[in-house]
Amino acid sequence: MTVATPREPARAGSAHWASRSDRTSRVTVAVYAADPILRLGVVQQLRQRPEVDLVDDADVDLAEVSLVVVDTVDDDVAALLQRLRHNTATRTGLVVGTLGSGALQRVIECGVAAVLRRAEADRDQLLHLVLAIANGEGVLPGDLLGKLLSHVGSSLQRSALDPGGLSLSTLTTREADMLRLVSEGLDTAEIARKTAYSERTVKNVLHEIITRLQLRNRAHAVGYALRNGLI
């Protein structure tokens, strides 16, 4: 699946398209979705709200809030989230159908500030999500927050029981993602496309892992990471 920048300006009509000077108090929002029906549903819920300004194509990179609307989180979605993470002008929220095992940690590591299930994404919940993200707050459904806290607690417990051992912090999120892709048989160019980094960056990151952990090559690094639960 390819998650694309919105093609159609999300506006309620020319009569409601205020000048930029009239919109300074409103939260600017960009909506991303591969499925035009999913995108349209979110746009229609938000376009009536005076607190929100849905931006057109030219301004998506300047939006204060980016909403990514998907069925599930796959590699293409993760790549988009990573790209948005590197845009300091925006904070990202995820509206998702289902969040599979391990996906919550992955999206948090991709810089997602808030998560809302699509089944709960009515107008009020979407507005709450947007305003919370714009205010620098994090939002998670209660059960997902419990899972995240449980995961963090387990990691802390492992570190306490074996302070000299390895933990997830041995690899950064980017390093773990790239090693995971190496383990799936991808080459440098393919990893670059998946992660939205340059081939030079991919090579430098993998070289840094191999050097820091005193390993021989990429295959050795993958084996090392798998044996120690790092990916």
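**Entry 1: overall layout**

Helices and strands here are DSSP runs, numbered from the N terminus. I am working with a predicted model. I first read the elements along the sequence and wrote down the pattern β-α-β-β-α-β-α-β-α-α-α-α-α-α. That gives nine helices and five strands in the protein.

Of the 231 residues, 43% are buried. I also took the contacts with a separation of 6 or more, and 71% of them join residues 24 or more positions apart.

**Entry 2: the sheet**

In what order do the five strands lie in the sheet? I read the order as β2-β1-β3-β4-β5. The sheet is open, and the pairing is parallel. Two strands stand at the edges: β2 (52-54) and β5 (112-117). Each has a single partner strand, so one side of each lacks a neighbour in the sheet. From one strand to the next, the twist averages 30 degrees.

I note a general point here: strands of a sheet pair through backbone hydrogen bonds, either parallel or antiparallel.

**Entry 3: strand β1 and its partners**

I then followed β1, residues 27-32. Four bridges join β1 to β3, residues 65-70, and the two run parallel. Within this pair, I found Ala-30 opposite Ser-66 of β3.

**Entry 4: burial in β1**

Is β1 enclosed or left open by the rest of the structure? Six of its six residues are buried, so β1 is largely enclosed. I sorted the side chains by direction. Val-27, Val-29 and Val-31 point one way from β1. Thr-28, Ala-30 and Tyr-32 point the other way. Both sets are buried. The general rule is that side chains in a regular strand alternate between the two faces of the sheet.

**Entry 5: helix α2**

I went back to α2 for its side chains. Buried there are Val-77, Ala-78, Ala-79, Leu-80, Leu-81, Gln-82 and Leu-84. A side-chain oxygen of Asp-74 reaches to within 3.2 Å of the backbone nitrogen of Asp-76.

**Entry 6: salt bridges**

How many salt bridges does the structure hold? I count seven. In general, side chains of opposite charge can pair when their charged atoms come close.

I took Asp-124 with Arg-49 to begin. Their closest N and O atoms are 3.3 Å apart. This pair links distant parts of the chain, 75 residues apart. Asp-124 lies in helix α4 (residues 123-134), and Arg-49 in the loop between α1 and β2.

Asp-124 has 53%, so Asp-124 is exposed. Arg-49 has 18%, so Arg-49 counts as buried. I also noted that Arg-49, Glu-51 and Asp-124 are linked in a network of salt bridges.

**Entry 7: salt bridges within helices**

Asp-177 and Arg-180 meet in a salt bridge at 2.9 Å, N to O. Both sit in helix α6 (residues 173-183), three residues apart, so about one helical turn separates them. Asp-177 counts as buried at 13%. Arg-180 is partly exposed at 30%.

I found another such pair in helix α8 (residues 199-212). Arg-212 and Glu-208 have their closest N and O atoms 3.1 Å apart. Why are they about one helical turn apart? They are four residues apart in the helix. Arg-212 is partly exposed at 36% relative accessibility. Glu-208 also counts as partly exposed, at 36%.

Notes: Residues numbered from 1 in each chain as written. Predicted model: local features only at pLDDT ≥ 70, side-chain atom pairs only at ≥ 80, totals over all residues. Heavy atoms only, no water. Pairing = 2+ DSSP bridges. Axes fitted to C-alpha atoms, helices over the stretch in contact; angles between N-to-C directions. Salt bridge = Lys/Arg side-chain N within 4 Å of Asp/Glu carboxyl O. Buried < 20%, exposed > 50% of the residue type's maximum accessible area, 1.4 Å probe, protein only. Polar contact = N/O pair within 3.5 Å; in protein donor to acceptor, adjacent residues only side chain to side chain. Contact = heavy atoms within 4.5 Å.
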